[in-house]
2 protein chains.
Amino acid sequence: MRERYEKLKDKNLKLDMSRGKPEKGQLDVVSGLLTVLSDKDMCLLDGIDCRNYGDLAGLQCAREYWADVLGCKPSQTFVGGNASLNLMHDLITRGYTHGLLDSPQPWCKEEKLKFLCPVPGYDRHFRITETYGFEMICIPMTPDGPDMDMVEEYVKDPAVKGIWCVPKYSNPQGYVYTDETVQRFAQLKPAAPDFVIMWDNAYCVHEFEGDFEPFKDIISLCAQAGRPNMVYEFASTSKLTFPGAGISVIASSEENIAYWSKLAGVQNISYDKVNQLRHVLFLKNKAHTLEIMKEHAAILQPKFRMVLKMLRKELTNKGIAHWHHPVGGYFVCVAAMPGTAKRTLELCKQLGVTLTPAGATYPYGIDPEDSMIRIAPSYPPIEELEAAMDVFCVCIKLAALEKHLGETLIG
Amino acid sequence: MRERYEKLKDKNLKLDMSRGKPEKGQLDVVSGLLTVLSDKDMCLLDGIDCRNYGDLAGLQCAREYWADVLGCKPSQTFVGGNASLNLMHDLITRGYTHGLLDSPQPWCKEEKLKFLCPVPGYDRHFRITETYGFEMICIPMTPDGPDMDMVEEYVKDPAVKGIWCVPKYSNPQGYVYTDETVQRFAQLKPAAPDFVIMWDNAYCVHEFEGDFEPFKDIISLCAQAGRPNMVYEFASTSKLTFPGAGISVIASSEENIAYWSKLAGVQNISYDKVNQLRHVLFLKNKAHTLEIMKEHAAILQPKFRMVLKMLRKELTNKGIAHWHHPVGGYFVCVAAMPGTAKRTLELCKQLGVTLTPAGATYPYGIDPEDSMIRIAPSYPPIEELEAAMDVFCVCIKLAALEKHLGETLIG
């Protein structure tokens, strides 16, 4: 192993598997977006000039587009700017400064704030609730979704104001919440009247293996269960077109959308409707979006297959790691032998391979088991990815060996 | 007068002079923006793919563009999304939730919050400080800028956290702060260590009469005066290209930009760099921007001249109104006889002409004198504008007459 490590060191690699960024080829595939809205007369539609101020909740056609993709009503959508993260951040911020629709008072006036965080999860979610001083409670993920027994127990505490969810191809494990899990979410009876399910449907159409998997409309399920204002769903085009340069959406009850719009109207006159129109012209509807996603999949699939193949070949049945085989999303999550994740990444770094920092998938950046490692295979070219995975497999084994022997093998 | 009123009523007009929206012709003039970035290879620059995540503070070329326009350094800029209003809102929000760089504590923990509001001013500014519960203190505007004696007095109160400013072509009067006023701002010694000058340079290059008027760089003036973190300057392309679909900027000390970036990094991965690049390609630099502004001026100038001509013809030396002749910006502000603004607008509405609601230019929507009326001539075609101004002049006279006689003339 040490020999293999030294050989890899001589290669002087500089590889990055840290973030879920699409590769250049994926961006090229969708660069028709740049020219799809080239005639100024196309900017006039239904008496609206999308080049001018107005229509805070978004162009009607953009609201219809998102309703089609998410399976809700256009009136239940609010189309935002370049990032759904921004919308999520601002929703939590509004809860903190003003309260949500059903809040007895702004959250900043509460003595204690808690938030449920399925782990491993998305670091940027956790940073939002961290910045507002929430005590973040870890809820273990299972292949069916978050541990719902625990969720149902914790929501009895009125200080618990919400939960972060990535229901389809969860970040980072790539689990899909089962229908039963989704139903149990809709039927939650939290003590806090303003408990909010932050339903980040970031990967709602992001299969890289196989066909599109339909998902339940959480909004109508919550309405049926008698708590229509409990959920806000989020999505964006960041992994459909250009990351950070697309359009985003909040979907929720009409009452929530009206409340949100009132507060958002203090922040903004209107969002970028030219880019909304550009996206609707390019993506058209859900059916056409799924066709475009097939083109992304054609680029992503070989990378994920290669990562999974190497993990299988190098790590199966060695008792040092396990992982789930996702069929969508942007990540593979490897659970290393407890106490070896940080060391694995340190060794990788010495060989020039950067991964998401150990612990990043946990609140406060602390993985109590020091086990979870997120691999983001999308960005590097496949040859580089293979080299990086080679490094990774050597390092995770070395770290396990060191742990087992109780001594440092690599200086 | 009553006869003239009845005749106008028969016209069944439906005209809008309420908001500072560019007209369609202005948008057409800049619609080259839609096609200026049409080749995907143009998205690659200096090792950055502007179609992908990254560079939270903005593309370097976009930061250089704004530094050129505003007369500051690129490192003192942070290029944002579609609206400077959004940045202003979020800055005040950060003050409230986290505190600004030099805040002893977040503003939400303070017992009392006050903000200085030069009046008449911009309603959307006032709504931001209203939503966070600031007590808003009116500072009268003078042709030289806000009454600086009052400002200097009020900033001795540590509860006073900042002031809203539109230094060039103030909204709505179109006054330009004199160099002396700007210097006095830079030399303020507020009691609050986190006092913030919200320097909304919305109309920094927006002359519609005559040549570009240079303005002082408030950032370096504050630095010279020993308080570099006291000012945040804002601008956007909303009235250069497409309102609400352009790019925006914060300019401030490097320390402030670093602090802001840290907090903004929780909200966003990065802003829409494709649109940033599109704008830099189209607007190029300050010199070229000023050429484009000449094209806007060619459309706006006849409208403003007509409005001012009609005011002069109908209202001069009648003792019922006075106004300033702006040479830039988007508004004409008429000070009607005290106690007649609301009635004037009511009469206008009966004739189908909408203006900015009376009081809107004051905090809480209350003009204590009931006098200020904001006219926004940019949006309607010139024939409609003429008809609307005809209505306005009749109504302001009728309202004054009613006031004088103490009786209602129009039912």
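Guide: Let us start with the cover of a helix in this predicted model. Helix α4(B) is mostly covered, as 14 of its 14 residues are buried.

Visitor: How far apart are the end C-alpha atoms of helix α4 of chain B, and what span should its residues give?

Guide: The reasoning starts from 1.5 Å a residue. After α4(B) comes G99(B), with a positive phi near 90°.

Visitor: Which residues touch the most other members of the largest nonpolar core?

Guide: That core has 119 residues, and those touching the most other members are F185(A), I197(A), F185(B) and I197(B). There is also a second, separate core of 72 residues, with M88(A), L113(A), L87(B) and C117(B) among them.

Visitor: With which residues is I197(B) in contact, leaving aside its neighbours within four places in sequence?

Guide: The partners of I197(B) on that basis are I163(B), C165(B), F185(B), L188(B), M230(B), V231(B) and Y232(B).

Visitor: Let us turn to the surface. Which residues form a nonpolar patch there?

Guide: M1(A), L401(A) and L405(A) form such a patch, and together they have about 250 Å² of accessible area. L401(A) belongs to helix α13 of chain A, residues 382-405. Its relative accessible area is 36%, which lies between the limits of 20% and 50%, so L401(A) is classed as partly exposed.

Visitor: Is P368(A) buried or exposed?

Guide: The relative accessibility of P368(A) is 67%, and therefore P368(A) counts as exposed, the cut-off being over 50%. P368(A) sits in the loop that joins β14 (353-355) to β15 (372-375) in chain A. From P368(A) to F212(A) the separation is 156 residues in sequence and 35 Å in space, taken C-alpha to C-alpha.

Visitor: Next, the backbone. Where is a peptide bond cis in chain A, and where in chain B?

Guide: Omega is the angle to read. In chain A, the bond from V119(A) to P120(A) is cis, with omega near -5°. In chain B, the bond from V119(B) to P120(B) is cis, again with omega near -5°. P120(A) is in the loop between β5 (114-119) and α5 (123-131) of chain A, and P120(B) is in the loop between β5 (114-119) and α5 (123-131) of chain B.

Visitor: What is the phi of D55(A), and what is that of Y364(B)?

Guide: D55(A) has phi near 60°, a positive value in a residue other than glycine. D55(A) lies in the loop between β3 (48-49) and α3 (60-70) of chain A, and its relative accessible area of 35% makes D55(A) partly exposed. For Y364(B), phi is likewise positive, near 60°, in a residue other than glycine. The loop between β14 (353-355) and β15 (372-375) of chain B holds Y364(B), which is partly exposed at 41% relative accessibility.

Visitor: Finally, in which helix is Q350(B) placed, and which residues does Q350(B) contact beyond its neighbours within four places in sequence?

Guide: Q350(B) is in helix α12 of chain B, residues 341-350. With a relative accessible area of 32%, Q350(B) is partly exposed. Beyond those neighbours, Q350(B) contacts Y5(B), K9(B), R343(B), I410(B) and G411(B).

Technical notes. Residues are numbered from 1 along each chain as its sequence is written. Chains are lettered from A and ligands numbered from 1 in the order in which they are written. This is a predicted model: local features need pLDDT of at least 70, side-chain atom pairs count only at pLDDT 80 or more; totals for chains, interfaces and linings use all residues. Side-chain values use heavy atoms; hydrogens and water are left out. A nonpolar core is a set of buried Ala, Val, Leu, Ile, Met, Phe, Trp, Tyr and Cys residues joined through side-chain atoms within 4.5 Å. Buried means under 20% relative accessible area, exposed over 50%, partly exposed in between (1.4 Å probe, protein chains only). Contact means heavy atoms within 4.5 Å. Helices (H or I, at least four residues) and strands (E, at least two) are DSSP runs, numbered from the N terminus. The expected span of a helix is 1.5 Å times one less than its number of residues. Patches are made of residues with over 30% relative accessible area and no salt bridge: like charges are joined within 9 Å, nonpolar side chains (Val, Leu, Ile, Met, Phe, Trp, Tyr) within 5 Å. Accessible areas come from the Shrake-Rupley method with a 1.4 Å probe; for residues, only the protein chains shown count as cover. A salt bridge is a side-chain nitrogen of Lys or Arg within 4 Å of a carboxyl oxygen of Asp or Glu.
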